[in-house]
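Here are my notes on the model. Please read them with the structure open.

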Amino acid sequence: CVCVCVCAFVSVYVDMTPYIHERAKSLQMIGRQQEAIVDFTRVLQIHPKSAHAYFRRAFAYKALGNFENSANDFETAKAISPENPLLVVNYLQLYQTPVIELCKAGQEIY
């Protein structure tokens, strides 16, 4: 009984965000954009100021042709972290860019 309670406590309070974020990025890279959007959205529910999650989700929306949500996420990412030059996109050149890697796996900032 004690083990079950401790395991339940740990599973509730362990921040799974880094794992969800990395899974979202992996899904995005293999073309599973809708599933990536679900995971990026989960990350944003926990960390609503994650500019990287907004930025990567924007690319997933773009890949699905949802340009309005894509543009909103690009602009939100830039508003959250205006000092980060990687989050500034040139919409004219963006068409052929599938995704931009912002950092190495496991190094996301929350």
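1. A cut-off comes first: a residue is called buried when its relative accessible area is under 20%. By that count, buried residues make up 38% of the 110 residues in the protein. Keep in mind that this is a predicted model.

2. The fold is helical. The protein has 5 helices and 0 strands. Along the sequence the pattern reads α-α-α-α-α.

3. Now the contacts. Take those between residues at least 6 apart in sequence: 54% of them join residues at least 24 apart.

4. Does the span of helix 3 agree or disagree with its residue count? Helix 3 covers residues 33-46, which is 14 residues. At 1.5 Å a residue, helix 3 should span 20 Å, and its end C-alpha atoms are 20 Å apart, so the two values agree.

5. Which residues of helix 3 are buried? They are Gln33, Ala36, Ile37, Asp39, Phe40, Val43 and Leu44. An α-helix has 3.6 residues a turn, so residues three or four places apart point the same way. Bear that in mind when reading the list. The cover over the buried residues of helix 3 includes helix 2 (17-29) and helix 4 (51-63).

6. Next, the largest pocket. The space in the largest pocket is about 160 Å³. Its lining consists of Lys62, Ala63, Phe67, Ser70, Ala71, Phe74, Tyr91, Leu94 and Tyr95. By class, the lining residues divide into 7 nonpolar, 1 polar and 1 charged.

7. Which helix gives the largest share of that lining? Helix 5 does, with 4 residues. Helix 4 and helix 5 (67-80) each supply at least two lining residues.

8. Serine 70 lies in helix 5 and is among the residues that line the largest pocket. Is serine 70 buried or exposed? Its relative accessibility is 3%, so serine 70 counts as buried.

9. What does serine 70 touch? Leaving out residues up to four places away in sequence, serine 70 touches Ala58, Tyr61 and Lys62. Of these, Lys62 is also listed in the lining of the largest pocket. Serine 70 and alanine 60 are 10 residues apart in sequence, and their C-alpha atoms are 7.7 Å apart in space.

Terms used: Residues numbered from 1 in each chain as written. Predicted model: local features only at pLDDT ≥ 70, side-chain atom pairs only at ≥ 80, totals over all residues. Heavy atoms only, no water. Buried < 20%, exposed > 50% of the residue type's maximum accessible area, 1.4 Å probe, protein only. Contact = heavy atoms within 4.5 Å. Expected span 1.5 Å × (residues − 1). 1 Å grid on protein atoms, 1.4 Å probe; cavity = no way out; pocket = protein on both sides within 12 Å on 5 of 7 lines; lining within 4 Å. Points joined across faces, edges and corners; volume = space filled by probe spheres on them. Nonpolar A, V, L, I, M, F, W, Y, C, P; charged D, E, K, R; others polar.
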